[in-house]
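Hi everyone, thanks for coming.

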Amino acid sequence: MFALIDCNNFYVSCERVFQPQLENRAVGVLSNNDGCVIARSNELKALGIEMGTPAFLLRNHLERGQIQLLSSNYELYGDMSARVQQVLEELSGEVEPYSIDEMFVRLNGLTDSQLQAHGHELYQRVRQFTGIPVGVGIAPTRTLAKLANHAAKTLPEYAGVCVLHNNSMAMRELLQRTALGDVWGVGPRLAKRLAALGLTTAWQLACTRPRQIRQHFPVTVERTALELCGIPCLDMNAPNIARQRIMTSRSFGRPSAEYSEIHQAIRQHAQRSAEKLRAQHSLTHAVQIFLKTSRHRADLPQYSPSLIVELAQPSDDSRDILQAASLALEAVYRPRFQFMKAGVVLLDLIDADRQQLSLLDTCPDQAPHQKQHERQRRQRLMATLDALNAKMGRDTITFGRPSPGAAWQLRCAHRTPRWTTRWAELPRLRAR
């Protein structure tokens, strides 16, 4: 059996944990650069404000005090997600993160009554130890667990926890009233194609013969149909599988043609990518940088270059990656263009633990033991850097400091403190 734990209105819930005055208020969280709404409280949804609504269209609501808009605080959200996962791992054997606010949990060897009780325990413990409200859906497959989770959060009779068993009346009724467009993995286009064959509900797809599905659709649709029948066919990427490439990029708060500002952005992204690389114990063979002008500004000249610089040896050292990124930027930068986005990509990654190489082959006169010593010294330096930043807060120690107010930095006029990850922003209590 699988349980899907989905955090309710996650970004808004994270903000409410530290600001109880936001409870029962219409709250929205904005995208990068405070552009549009990407998360909504139930109260904001009730006002008819859609996901993706540009912030400037909500000025009247703001002026009347009907809503409150906050800048995205990803450092806080990421840390709260890790805390939710930690609670789940303490209660269950295997946790599979699916997104920042959704996690699958494997539940094996439990009776029907134990499943129900365990589901309620997950529901209560996450709220107790993190303050985040969740919905819990338990079913024989991940696709059914998704549907069960939706029922747990929307149907009052489930009170936040829905358990579905194979061939049960509850499972059949839920499939019969679920439109195919609401099934995990069935998009609008696929739903239209299925409707052309007379398949409009999850129950109808589950009752369709696999051979008939294979005649008209790819194997993914057959797997979805089997999942709806209670036969597990999907498997998440294991969380310990390393990514094959690492990219860090961000749109600027405002366009800029200044080399120093763009260079700072590239250096920040390169350092962040190097941290991710070391976290998954990989090395990179090459560093790619890219720049983009705004395609929405037809009045400005367009130029979106990219360049790959190969490293002399595979590395996870921030200094090597920074040097390569800087060389690439020098080669592609043109001063007359107003850039709106920059990014760094680490390519051709390999497992650091299995790679037996010298980092100093460019120094042929150096003895093997000296090369090994230098490699270990570099590893200790990077490990110390990561440990200090993990303990004292991100960017406590960096290679260079960004200029305050640089164009590439995000607009986040309404960002709340990073309550859980920055010493200077810890919540403060006052005795009366």
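Here is a short tour of the ring pairs and their surroundings.

First, some housekeeping: this is a predicted model, where local features need pLDDT of at least 70, side-chain atom pairs count only at pLDDT 80 or more, and totals for chains, interfaces and linings use all residues. Residues are numbered from 1 along each chain as its sequence is written, and side-chain values use heavy atoms, with hydrogens and water left out.

Okay, how many aromatic pairs does a search of the whole structure find? The count is 13. To pair, rings of Phe, Tyr and Trp (its six-membered ring) need centres within 6.5 Å; planes under 30 degrees apart are stacked, over 60 edge-to-face, and the rest tilted.

Take Tyr-74 and Tyr-77: they're edge-to-face, 6.1 Å centre to centre with 85° between the planes. Both sit in helix H4 (residues 74–91), 3 residues apart, so about one helical turn separates them. Helices here are DSSP runs (H or I, at least four residues) and strands are too (E, at least two), numbered from the N terminus.

Tyr-77 is buried at 0% relative accessibility, while Tyr-74 is partly exposed at 35%. Buried means under 20% relative accessible area, exposed over 50%, partly exposed in between (1.4 Å probe, protein chains only).

Next, Phe-104 and Trp-184 form a tilted pair, with centres 5.8 Å apart and planes at 35°. Phe-104 is in strand S6 (residues 102–106) and Trp-184 in the loop between helix H7 (169–176) and helix H8 (188–196), so the pair ties together parts 80 residues apart in sequence. Both Phe-104 and Trp-184 are buried.
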